[in-house]
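Please open the model in your viewer and keep the selection panel at hand. The stops below go from the whole chain to single residues.

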Amino acid sequence: MKLLMVGGGGREHALLWKLQRDDPALELLAAPGNPGIASIARCVALQVTDIDGLADLASSEGIDITVVGPEAPLAAGIVDRFTSAGLPIFGPTRAAAAVETSKAYTRR
């Protein structure tokens, strides 16, 4: 199974570390990743907000599931874009992410 983790922070590192520990056969990719993540996953130099680039990567690499860590790509609609392209992804839609990413929206 191939997994793409979008992000490069401590949360993403911890998730990848645990996944790799539980199933060493997993093929892990991270975009953009970080030096710590590079020890357990292949890092790809794409920004988390490069939604089209991430979708192209997931498609060309035959990614089985994409997991999104940071809020920025969720707010930019990564889940909506992947879903419309038939790419498996875990995370809330742009509309659902507004609860987390917009205090004004949440207050209303």
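This is a predicted model: local features need pLDDT of at least 70, side-chain atom pairs count only at pLDDT 80 or more; totals for chains, interfaces and linings use all residues.

Residues are numbered from 1 along each chain as its sequence is written, and side-chain values use heavy atoms, with hydrogens and water left out.

**Whole protein**

Show the protein as a cartoon. There are six helices and five strands; helices (H or I, at least four residues) and strands (E, at least two) are DSSP runs, numbered from the N terminus. Read from the N terminus, the order of elements is β-α-β-β-α-β-α-α-β-α-α. The radius of gyration is 14 Å, close to the 13 Å that the globule rule gives for 108 residues, so the protein is as compact as a globular protein of that length. That radius is taken over C-alpha atoms, and the rule is 2.2 Å times the number of residues to the power 0.38. The C-alpha trace spans about 45 × 30 × 25 Å along its principal axes.

Now colour by burial. Of the 108 residues, 38% count as buried, where buried means under 20% relative accessible area (1.4 Å probe, protein chains only).

**The sheet**

Select the strands. They form an open sheet of five, ordered β3-β2-β1-β4-β5, with parallel pairing; two strands pair if DSSP finds at least two bridges between them. At the edges are β3 (42-43) and β5 (89-90), each pairing on one side only.

Next, select residues 2-7, which are strand β1. Six of its six residues are buried, so β1 is largely enclosed by the rest of the structure. Six bridges pair β1 with β2 in the parallel sense, and Leu 4 has Leu 29 of β2 as its bridge partner.

Step across to β2, residues 27-32, which runs parallel to β3 and is joined to β3 by two bridges. Here Ala 30 stands opposite Cys 43 of β3.

**Thr 66**

Finally, select Thr 66, in strand β4 (residues 65-68). Is Thr 66 buried or exposed? Its relative accessibility is 0%, so Thr 66 counts as buried. What is Thr 66 in contact with, leaving aside neighbours within four places in sequence? Show Leu 4, Val 6, Ala 58, Phe 82, Pro 88, Ile 89 and Phe 90; contact means heavy atoms within 4.5 Å.

Conventions
Buried means under 20% relative accessible area, exposed over 50%, partly exposed in between (1.4 Å probe, protein chains only).
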